[in-house]
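Trainee: I have a model open on my screen and would like to learn how to read it. Could you walk me through a few features?

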Amino acid sequence: MAVRQCETRSATEESVAFGRAARELELKPREFELAVQLGDVRTVASGPGRRRRVSRAEIERHRSADGFPEGLRSRLWVVGTAEGAELMGISPARFGRLARGGCFAPVRFYVNRYRAVVWHYLAADLVDFADRHPELLTGRTPSLLRTALEEREDRRGRSWRARRLDQLLAQTDDPWERAAVTASVLTPEDLAACVPDLNERAYVTGLRPALVPARSDAMAAHEVLESVILADDPDEVEWHRHRLTAALAQARAVRPAPAPEVRSGPMRSPAVAVTGTEVLAGTEAVAGVNVATAAEATPTLAEPVRPRGLWDWLRRRT
């Protein structure tokens, strides 16, 4: 027991809480949140409750890199439609068509005061797409792609869900937790059909991660958030149900699901984590990992200065 306590204490001393890590990496809360999601800043489980922290070695890896902190922050540069279109040298209308067609995946979103979904994209993703497909940036859209864009539904939500699940799956090796990640985009009805055993369903439901951290005063947008979080296209739903069935088979082979704990009060969807902690300015509900609940508050840092020539600046990223 003493040895285990020493190991836990050593692991904690060799790592820092998210708030402190953000300060030492010179990242704003939103930038640090995104860095954790994308795996740019790797985290470790440490201490009681296996809370996620950042190792000292990981911080030193970034701080010793050439171009720190501009290189790290450039990889985390997020843009909306107007800035993304400017970056790619195309009109906002063409940018919107490519985004709705699923040509590049959003990295996060928020629900504005009008309950409309506003998508954000990684600038690096847009540059990479433009490099690979210059033919889609000028002239008429190729007929096959134009037909697909006209017939297809808006695929931004589907693209975001796929990206978000990949992020969460990369954070755990536990088979039941991995099953719960896949289950987090299914409606209660689809989950019940896929997991008929009550004990297993309760266990998976309890393990489901929060895909979106939301401020408590943003619950008016709850329905809009769930319309993005939950899959509704039959093909996508079937795909996630197939993945969940396979994940459950692997989990059962490792250990059975324990009996559920007795809980009082109504259950809420775990897809949205409600917190009173400031995550972003205003009343925005933003998709991502809620790292702002760390005990150490992260100070406000100035936005990096964007040099003229967005293309040239991003291509100089490290």
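Mentor: Gladly! Let's begin with a term we will need: two residues are in contact when they have heavy atoms within 4.5 Å. Keep in mind, too, that this is a predicted model.

Trainee: Which residues does Asp190 touch, not counting residues up to four places away in sequence?

Mentor: Asp190 touches Val237 and Arg241. Asp190 itself has its place in helix α12.

Trainee: Val237 is in another helix, I think. How do I read a helix from its sides?

Mentor: The general idea is that an α-helix has 3.6 residues a turn, so residues three or four places apart point the same way. Now look at helix α15, residues 234-254. Its buried residues are Glu236, Val237, His240, Leu244, Ala247, Leu248 and Ala251. They cover an arc of only 110 degrees around the axis, which means that they lie on the same side of α15.

Trainee: What does the face turned away from that buried side carry?

Mentor: That face carries exposed residues: Pro234, Asp235, Glu238, His242, Gln250 and Ala253.

Trainee: And which helices do the buried residues of α15 pack against?

Mentor: They pack against α10 (156-169), α11 (175-183), α12 (188-194) and α13 (198-207). Have a look at the start of α15 as well, where a side-chain oxygen of Asp233 comes to within 3.1 Å of the backbone nitrogen of Asp235.

Trainee: Now the strands, please. How do I read a sheet?

Mentor: Strands of a sheet pair through backbone hydrogen bonds, either parallel or antiparallel. In this model, three strands make an open sheet with antiparallel pairing, in the order β1-β3-β2. The edge strands, β1 (15-16) and β2 (44-46), each pair on one side only.

Trainee: How many bridges join β2 and β3?

Mentor: Three bridges, with β3 made up of residues 51-55. Along this pairing, Ser46 stands opposite Arg51, and Val44 stands opposite Arg53.

Trainee: Which helix lies across β1 and β3?

Mentor: Helix α4, residues 56-63, running at about 45 degrees to β3.

Definitions and conventions. Residues are numbered from 1 along each chain as its sequence is written. This is a predicted model: local features need pLDDT of at least 70, side-chain atom pairs count only at pLDDT 80 or more; totals for chains, interfaces and linings use all residues. Side-chain values use heavy atoms; hydrogens and water are left out. Two strands pair if DSSP finds at least two bridges between them. Helices (H or I, at least four residues) and strands (E, at least two) are DSSP runs, numbered from the N terminus. Axes are lines fitted to C-alpha atoms, for helices over the stretch in contact, and angles run from 0 to 180 degrees between N-to-C directions. The expected span of a helix is 1.5 Å times one less than its number of residues. Buried means under 20% relative accessible area, exposed over 50%, partly exposed in between (1.4 Å probe, protein chains only). The arc is that of the directions from the helix axis to the C-beta atoms. A polar contact is a pair of N or O atoms within 3.5 Å; within protein, one must be able to donate a hydrogen and the other to accept it, and residues adjacent in sequence count only if both atoms are side-chain atoms.
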